[in-house]
Amino acid sequence: MGDAPLRVRGLTVSYGASPAVFSADMTVAPGAMTAIIGPNGAGKSTLLKAVLGIVPRVSGQIEVFGAALERQRARIAYVPQRASVDWDFPTRVIDVVEMGLYRRVGLIGRLTRQHRATAGDCLARVGMSDFATRQIGQLSGGQQQRVFLARALAQGADLYMLDEPFAGVDAATEKAIIDVLKSLKDEGRTILAVHHDLSTVPDYFDRVFVINKSPVAEGTVAQAFTQDTLQQAYGGRLATGLLDQLFPATPAAAAPAFPARPS
């Protein structure tokens, strides 16, 4: 099966009688940033959660770096949707980031000075050093998202999986997050993110996986992020203006000049 960071075969997830994801195959390329895109209700987040075992799958095989998921969890970092987190839990920012180190020390292990320095470095990397002792419930949505990214950084993973990392954040936070993700890619790490803003796909990502319950397309942005693919996935839910923005029409060739008739 090879050692792709993530390989999914025949993944099906069902909520009741209707499948949320049906027979999905996906291969995530190493050292690239891949976006999972599709309309609302297409199964994007469900796919990610099923891969991680957060929601049960009806069928399908998951391999991470050529081995079973259970053997490779330490190589994966997951950033969930911000809306799924209990932000009223009484804990500080630095405590959340240090949770990313627990796989190294164990739940009852003690964090060393070096571990705490690592957590501080991760906070600095997302621009949140000044908030280390702040309660997480006192942060803005964008700041909370940065903290969860810092926790993922503390894990030192090889594969980063993010569920809507830019949803509901301000422009400064979006730039901070994409800068960190691109730096991870430059280090040889692999990024897989559920993404909703089609206008930023060409700037942010190298590859796309397009889904509407079943896979529609997979490949580089140039190969798979096309007008035909998006119309197939989204149907009439894509605004004409957005399509025009994403795929500007080629200017019509100028009409040939004809010599003037003699008078």
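Four strands form an open sheet in the order β2-β1-β4-β5, with antiparallel pairing. Helices (H or I, at least four residues) and strands (E, at least two) are DSSP runs numbered from the N terminus, and two strands pair if DSSP finds at least two bridges between them. The edges of the sheet are β2 and β5 (67-68); each has a single partner strand, so one side of each is left without a neighbour in the sheet. Strands of a sheet pair through backbone hydrogen bonds, either parallel or antiparallel.

This is a predicted model, in which local features need pLDDT of at least 70 and side-chain atom pairs count only at pLDDT 80 or more, whereas totals for chains, interfaces and linings use all residues. Residues are numbered from 1 along each chain as its sequence is written, and side-chain values use heavy atoms, with hydrogens and water left out.

**Strand pairing**

Strand β8 (residues 190-194) takes part in parallel pairings. It pairs with β3 over four bridges in the parallel sense, with Thr-34 opposite Leu-192 in β8. Strand β7 (residues 159-163) pairs with β8 in the parallel sense over five bridges, and here Leu-162 stands opposite Ala-193 in β8.

| Strand pair | Sense | Bridges |
|---|---|---|
| β3 and β8 | parallel | four bridges |
| β7 and β8 | parallel | five bridges |

**Burial and cores**

Burial is expressed through relative accessible area: buried means under 20%, exposed over 50%, and partly exposed in between (1.4 Å probe, protein chains only). Five of the five residues of β8 are buried, so this strand is largely enclosed by the rest of the structure. Both of its faces are covered, with Thr-190, Leu-192 and Val-194 buried on one side and Ile-191 and Ala-193 buried on the other.

A nonpolar core is a set of buried Ala, Val, Leu, Ile, Met, Phe, Trp, Tyr and Cys residues joined through side-chain atoms within 4.5 Å. The largest such core has 57 residues, and those with the most contacts inside it are Ile-37, Tyr-160, Leu-181, Val-208 and Phe-225. Helix α6 (residues 141-154) gives the most to this core, with seven residues. A second, separate core of 27 residues includes Leu-11, Ile-36, Ala-50 and Leu-159.

Contact means heavy atoms within 4.5 Å. Leaving aside neighbours within four places in sequence, Phe-225 is in contact with residues including Ile-37, Leu-198, Val-208, Leu-246 and Phe-247.

**Two loop residues**

Ala-32 lies in the loop between β2 (18-28) and β3 (33-37). With a relative accessibility of 8%, Ala-32 counts as buried. Not counting residues up to four places away in sequence, Ala-32 touches Lys-185, Arg-189, Thr-190, Ile-191, Asp-206 and Arg-207. From Ala-32 to Ile-62 the C-alpha distance is 19 Å, for a separation of 30 residues in sequence.

Asp-170 is found in the loop between β7 and α7 (171-186). At 37% relative accessibility, Asp-170 counts as partly exposed. The C-alpha atoms of Asp-170 and Gly-60 are separated by 37 Å, the two residues being 110 apart along the chain.

**The chain as a whole**

The secondary structure of the chain comes to 11 helices and 10 strands. Its C-alpha atoms fill a box of roughly 95 × 45 × 35 Å, taken along the principal axes. Of the 263 residues in the chain, 48% are buried. Among contacts between residues at least 6 apart in sequence, 68% join residues at least 24 apart.
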